[in-house]
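We will go from stop to stop, picking a few residues at a time.

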Amino acid sequence: MLDIKFIRENAGAVKHAVEVKGVPIDIDELLRIDRELVDLKQRVEAMQAERNANAKLVPKATPEERPTLIQRGKDLAEEIKALDPALRAHEDNLRQLLLRVPNIPHASVPVGKDDNDNVELRREGTLPAFEFTPRDQVDLLEGQGWSDFERVARVSGSRSYLLKGEGALLEMAVQMFAMSFLAGRGFTPLSTTALVRPETLVNSGHFPGDEESVYKLEGDELMLAGTAEVPVNSLYAGEQLSADQLPLAFSAISGAFRREAGSAGRDVRGLIRVHEFRKVEQYVICRADEQEGLKWFETLLGNAEAILQALELPYRVVQNCTGDMGAGKVLMYDIETWVPSEQKYRETHSCSYLGDWQARRTGLRYRDENGKLVYAHTLNNTGIATPRILVPLLENHQRADGTIHVPEALRPYLGGKAVLGQP
Ligand SMILES: Nc1ncnc2c1ncn2[C@@H]1O[C@H](COS(=O)(=O)NC(=O)[C@@H](N)CO)[C@@H](O)[C@H]1O
């Protein structure tokens, strides 16, 4: 959410953001409602001032004048009360619109419509060259008896998964490695729930807009978040932090639940796109300073790249264009990891800087050095998300006999094994 004063003074820049991000909102309509609300508030304030002035006259008035003055006071009170519904309606209407206003993209963001217009920044790592016909994720898993897609589909329907044996241990090893790695870089480990109150999804910016993606629990004031970003973003909602408490840097592991409503037919096989997965989320709350925000952006990106390098996986970094970055982002890079069976890079991480857009809607403020209350800046990036990352991990590290090479970094979590599976 942007500051209404900023929108009034920078309507052109906001309209440009609306256009290049393809957000369906009419800024002129928003400003009209804003002006009407300001006028209404001024009328009410003038009437209240008149009522206060009138009330002061009563004790000094003569017995003849008093009834008229008292009646005037009552009439004014009625008129003020009569304006209340319009005041409330305008305030609600304005807030609903403000929640939809997109953030201003960073100057470096390429203008584009969708992910086809994202810009590749660089590639890291060497693509595997197999002397044998490589298997895909499902063949590798089933070959080792590490999955049972049919059985779990009977229990949970499509886009479900179940890992068995060393397959299950590998998933947990990857999670533990990421959590330990980030703790080693000073991020406070959190293990959190995905059960959240609906307002936390408004705070994070997922609502309004992403309602279709979220599981709602019938009869409960709770929903299932698709990322730990949601609960962690609201941990300090409404509080006033002090400047010396910042930056807060968390690595939060949680379940993540997504309806994938818009993905019918895509990635229906295997581990790429499932309804429930587990993610280690990097989340930062820092001072309201763009240089500091951009530094943290590089830090979060660097952490994810270091994790992928430790997993010995080839990947590329792409900058998201304006049409593929979402309303709240100032800057966003995706990391895409090489999937041999598809001969293409697939998104495994998403790194975002949101300025104070998320903090404003969350009520996330701190008292700066001058004692002024300001909204913080927030950032997030995937640390690792399983089971999706297992797809490139298994496929890139497969050996001719269907066993899997274990990267050094994971061996401490797998009993020191250098190879997983039976030939
Ligand atoms: N349906 C899904 N199944 C498996 N993994 C998924 C699914 N949706 C997303 N992911 C994984 O979660 C990562 C982050 O998801 S994201 O929506 O792009 N971004 C976020 O959630 C941010 N909070 C950063 O993590 C993706 O890059 C992908 O690796």
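Start by selecting D267: its relative accessibility is 18%, so it counts as buried, where buried means under 20% relative accessible area, exposed over 50% and partly exposed in between, using a 1.4 Å probe and protein chains only. Its phi is near 55°, a positive value in a residue other than glycine. D267 sits in the loop between β7 and β8; helices (H or I, at least four residues) and strands (E, at least two) are DSSP runs, numbered from the N terminus.

Before moving on, note that this is a predicted model, in which local features need pLDDT of at least 70, side-chain atom pairs count only at pLDDT 80 or more, and totals for chains, interfaces and linings use all residues. Residues are numbered from 1 along each chain as its sequence is written, and side-chain values use heavy atoms, with hydrogens and water left out.

Now select E260, which is also in the loop between β7 and β8. Its phi is positive too, near 50°. Is E260 buried or exposed? It counts as buried, because its relative accessibility is 15%.

Next, show the ligand. It is surrounded by 19 residues, each with a heavy atom within 4 Å of it. The closest are E229, E260, E281, E347 and T382. Look for these polar contacts (pairs of N or O atoms within 3.5 Å; within protein, one must be able to donate a hydrogen and the other to accept it, and residues adjacent in sequence count only if both atoms are side-chain atoms):

- E229: a side-chain N or O atom is 2.8 Å from a ligand nitrogen.
- V274: a backbone N or O atom is 2.9 Å from a ligand nitrogen.
- H349: a polar backbone atom is 3.4 Å from a ligand oxygen.

Switch to cartoon view for the sheet. Eight strands form an open, mixed sheet in the order β1-β9-β10-β11-β14-β8-β7-β2; two strands pair if DSSP finds at least two bridges between them. At the edges are β1 (119-124) and β2 (188-191), each pairing on one side only. Inside the sheet, select β11 (residues 344-353) and β14 (residues 377-386): they run antiparallel and are joined by three bridges. One to find is S352, whose bridge partner in β14 is N380.

Last, pick two prolines. The peptide bond between L246 and P247 is cis, with omega about 5°, and P247 lies in the loop between β6 (240-242) and β7. Another cis bond runs from T386 to P387, with omega near 10°. Most peptide bonds are trans.
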